[in-house]
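Me: Hi! I'd like to talk through this model with you, one piece at a time. Could you start wherever you like?

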Amino acid sequence: MRKIIGSLFQSLDGVIQAPGGPEEDQTGFTHGGWVFPYFDDTLDEPMGRLLGGSYELLLGRRTYEIFAAYWPHNGDQPIGETFNAVRKHVVTSSDRPLTWNNSQRLAGDPTDAVACLKASDGPDLLIQGSSMLYQALLPAGLVDQLALITFPVMLGRGKRWYSGDPATARSWTLVEQAHSPKGVHFASFVRDGEVRTGSFATKPPSDAELALRQRQAEGRW
């Protein structure tokens with residue numbers, strides 16, 4: 001079975017919108033290109049391992065259209081050559097033609113379509129951007145690894161990569177990390193079972209704590 005790897009450039013407040021340039025997203029987002037001031041060659045090695053292996057791309061429609069308008073004309077860049085060559089699987093309900101080389105549509109329910117693709121033979125599947133995919137795939141347990149590249153900036157508003165669902169509660173284990181002098185943090189995590197909990201308490205709860213817990217349970221803060 002293939003692994004699904006999510007890769008995300010995110011701000012400190014979880015925004016992933018338009019990291020590459022001011023003109024990348026014309027929907028009213030005013031901080032496009034927020035990655036550029038912080039990116040340096042410190043991250044070449046971990047990013048090279050992430051993007052330099054064998055994989056196919058798994059994309060939502062909007063990210064696909066941004067990529068399809070840019071990468072076919074920038075194949076002289078190393079990652080452009082790779083992205084242009086690999087197969088692109090696009091989760092979309094639109095019937096708009098997929099004109100980028102080696103692209104194919106995943107129609108129907110996104111969770112079912114991606115689950116079938118994941119179970120098929122082939123290389124691992126790498127998600128780029130595509131925030132809407134995480135809303136479907138994380139609750140279904142289909143994402144095996146997350147590479148989060150966090151930049152020291154807060155954007156206040158914009159598309160965030162995940163809005164939360166009780167079904168996604170689970171532990172993740174750090175398998176790789178790197179830091180840049182400018183404050184960028186690369187961290188890669190793999191799924192690691194149920195959420196583990198514990199307590200720092202060293203003695204039985206006081207009467208005040210017990211009373212507080214009772215009020216909490218009854219919704220009486």
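Reply: Happy to! Let's start with S2 and S5, which run parallel and are joined by four bridges. Leu58 has Ile127 in S5 as its bridge partner. Two strands pair if DSSP finds at least two bridges between them.

Me: Before we go on, what sort of model is this, and how are residues numbered?

Reply: This is a predicted model: local features need pLDDT of at least 70 and side-chain atom pairs count only at pLDDT 80 or more, while totals for chains, interfaces and linings use all residues. Residues are numbered from 1 along each chain as its sequence is written, and side-chain values use heavy atoms, leaving out hydrogens and water.

Me: Thanks. How many residues of S2 are buried?

Reply: Six of its six residues are buried. Tyr55, Leu57 and Leu59 point one way from S2, and Glu56, Leu58 and Gly60 point the other way. Buried means under 20% relative accessible area, exposed means over 50%, and partly exposed is in between, with a 1.4 Å probe and protein chains only.

Me: And which way does S3 run relative to S2?

Reply: S2 and S3 run parallel, with four bridges between them. Gly60 has Val91 in S3 as its bridge partner. S3 is covered on both faces: Lys88 and Val90 are buried on one side, His89 and Val91 on the other.

Me: OK, zoom out. What is the strand order of the whole sheet?

Reply: It is an open sheet of eight strands in the order S4-S3-S2-S5-S1-S6-S8-S7, with mixed pairing. Strand S4 (103-106) and strand S7 (172-179) stand at the edges with a single partner strand each, so one side of each has no neighbour in the sheet. From one strand to the next, the twist averages 25 degrees.

Me: Which helix packs on the sheet?

Reply: Helix H2 (residues 61-70) packs on the sheet, touching strand S2 (55-60), strand S3 (88-91), S4 and strand S5 (124-128). The direction of H2 makes about 115 degrees with that of S2. Contact means heavy atoms within 4.5 Å. Axes are lines fitted to C-alpha atoms, for helices over the stretch in contact, and angles between N-to-C directions run from 0 to 180 degrees.

Me: Changing topic: which residues have a positive phi without being glycine?

Reply: Two to look at are Ala18, with phi near 45 degrees, and Ser130, with phi of about 60 degrees. Ala18 is found in the loop between strand S1 (4-11) and helix H1 (44-51), and Ser130 lies in the loop between S5 and helix H5 (131-137).

Me: Why do they count as buried?

Reply: Ala18 counts as buried because its relative accessible area is 5%. For Ser130 the relative accessibility is 6%, so that residue is buried as well.

Me: What does Val153 touch?

Reply: Not counting residues up to four places away in sequence, Val153 touches Ser11, Leu12, Asp13, Trp34 and Tyr38. Val153 lies in the loop between strand S6 (145-151) and S7, and its relative accessibility is 16%, so it counts as buried. Val153 and Ser11 are 142 residues apart along the chain, with their C-alpha atoms separated by 5.5 Å.

Me: Nice. Last one: what are the overall numbers?

Reply: The protein has six helices and eight strands, running β-α-β-α-α-β-β-α-β-α-β-β-β-α from the N terminus on. Its C-alpha trace spans about 70 × 40 × 35 Å along the principal axes. Of its 221 residues, 40% count as buried. Among contacts in the protein with a separation of 6 or more, 68% are accounted for by residues 24 or more positions apart.

Definitions and conventions:
Helices (H or I, at least four residues) and strands (E, at least two) are DSSP runs, numbered from the N terminus.
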